[in-house]
Structures are given as C-alpha cells and as structure tokens.
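Biologist: Could you walk me through how to read the packing of a protein model, giving the general idea and then the case at hand?

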Amino acid sequence: MKKIIPLAEAVEKIPDGASLLIGGFMAVGTPDRVIDELIRQGKKDLTVIANDTARPNQGIGKLIVAKRVARVISTHIGLNPETQKQMIEGDIQVELCPQGSLAERIRAAGFGLGGVLTPTGVGTVVEEGKRTVEVDGRTFLLETPVKADFALIKAKQADYYGNLAYALTARNFNPVMAMAAETVIVEADDIVPLGVIPPDAVVTPSVLVDYVVAQEKRNG
C-alpha cells in the first residue's frame, strides 16, 4: 500500500536545488497545494520542467514570483511576464523546447530510451548545440531524455494504493512525468478505496507513485 502522508511531510522531502517535473497546462492539472507548500517552506534554487510557467501568481507562476526557481525547461513563457523579466535580468536560466519534443524527451526518460529523433527544430535556433542524424535522406535532431528528482503530479482520483485517474485535459503532462522522476508525489482531488477507480480508468499505476498527499480537513 502506498503511503498517504501530510502535505508538509511530502514537501519536506524536496531539498533546495532539486529538479521538479510539474504537471499542468497553464495551471490546469498543476498541484497547487504542493506549490504553495514549497513556497511556505522556503524551497529555493529549483529547476522546473513543465509545459509553461502559467501566469504570475497562478500555478508555477507562484514559484516564479516568489523567486524560488533557478532554471526552467519549458515550451513557452509568453504568458508570464515575470518569467521573461527574470530571464532578461539573468535571475533565471530558461531553456525553451518545442512542446512535442519536450513531451517525447520526458517519455524517453521514463521508458529508458537514449533519446528521440525529431525533425522539429531542424534549421532553427533549436538545432544549436544538438546532434543531427540522417535517416533515409532526412535530417533529424537527437533530443536527449529529460528526467528529474521529483515529479509533482495532480490527479482527479487516487486510491489508497496510489493508482491514479485524471480529469479531461488535466491529464496533459502528468502521466508521462510520473514515469520520469526518482520520486513521485501526487496531489489528488479525492482519495478513494481500492476498486473505486475502474481498472480501465487507471492511467498511472500505483507502482509509479511514491507518496499521495493527504486531503485537507474540511469544515461543514
């Protein structure tokens, strides 16, 4: 059985300087309680790998505004002027990667692959510093795997063993990220008994999950 632990205890496991895969697409599918606790505990010098940095004070944007992030690997930062400002001022290192390429690099790490070949970015700035491979007369970039110390995952449901189901587009990057980290911490809307989630609805199996954050006590 997976360990259901308090939020503070889960975040205490994350040291300063850790690399974090964080699920979400403009904060949809992002574990907000975990992010808030990272800020409360003063975690710093983090590397964040995510689709985007959301907006200021929303999702990952809260970490940016609090200046807890040293490096970002992302598909875009266009909707977060604070990320852009800190990048220009040299406070954050930003590596931009095409969205599909980033998803495949994370998947490659989870599957134990040495990389992926893609034509995306050939002949552009994306190609700079990367190896190319010729296949049947076409040029491909070799994109290397991306993994992290921790994956911070948001699920719709988790059972007490750690099997996960997601809601609609909140599924986005979460399942693939859950395969590419040393430690997987999950925040779920609901924690349910084993069997409530139909087997066919399980997207992330319990074997990939290390900790599920306990639900908050609610009044009323």
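Biologist: Which residues have the most contacts inside the largest nonpolar core?

Modeller: In soluble globular proteins, nonpolar side chains tend to be buried together. A nonpolar core is here a set of buried Ala, Val, Leu, Ile, Met, Phe, Trp, Tyr and Cys residues joined through side-chain atoms within 4.5 Å, where buried means under 20% relative accessible area, exposed over 50% and partly exposed in between, with a 1.4 Å probe and protein chains only. In this predicted model, the largest such core has 26 residues, and those with the most contacts inside it are Leu21, Ile49, Ile106, Ile153, Leu164 and Val186. Two or more residues each come from helix H5 (99–111), strand S9 (148–159), helix H6 (174–177) and strand S11 (181–192), helices (H or I, at least four residues) and strands (E, at least two) being DSSP runs numbered from the N terminus. A second, separate core has 24 residues, including Ile22, Leu38, Leu152 and Val213.

Biologist: What conventions lie behind these values?

Modeller: Residues are numbered from 1 along each chain as its sequence is written, and side-chain values use heavy atoms, with hydrogens and water left out. As the model is predicted, local features need pLDDT of at least 70 and side-chain atom pairs count only at pLDDT 80 or more, whereas totals for chains, interfaces and linings use all residues.

Biologist: With which residues is Ile49 in contact, leaving aside its neighbours within four places in sequence?

Modeller: Contact means heavy atoms within 4.5 Å. By that criterion, and with those neighbours left aside, the partners of Ile49 include Leu20, Leu21, Ile22, Ile73, Leu102 and Ile106, as well as Lys147 and Met177.

Biologist: Is Asn51 buried or exposed?

Modeller: Asn51, which sits in the loop between strand S3 (46–49) and H3, is buried because its relative accessible area is 0%. Beyond its neighbours within four places in sequence, Asn51 is in contact with Gly24, Phe25, Ser74, Thr75, His76, Gln99 and Phe173.

Biologist: And where is Lys62 found?

Modeller: Lys62 lies in helix H3 (residues 60–65) and counts as buried because its relative accessible area is 17%. Not counting residues up to four places away in sequence, Lys62 touches Asp32, Ile35, Asp36, Ile39 and Asn57.

Biologist: How many residues of the whole chain count as buried, as a percentage?

Modeller: Of its 220 residues, 46% count as buried. Among contacts between residues at least 6 apart in sequence, 70% join residues at least 24 apart, and the C-alpha trace spans about 60 × 40 × 25 Å along its principal axes.
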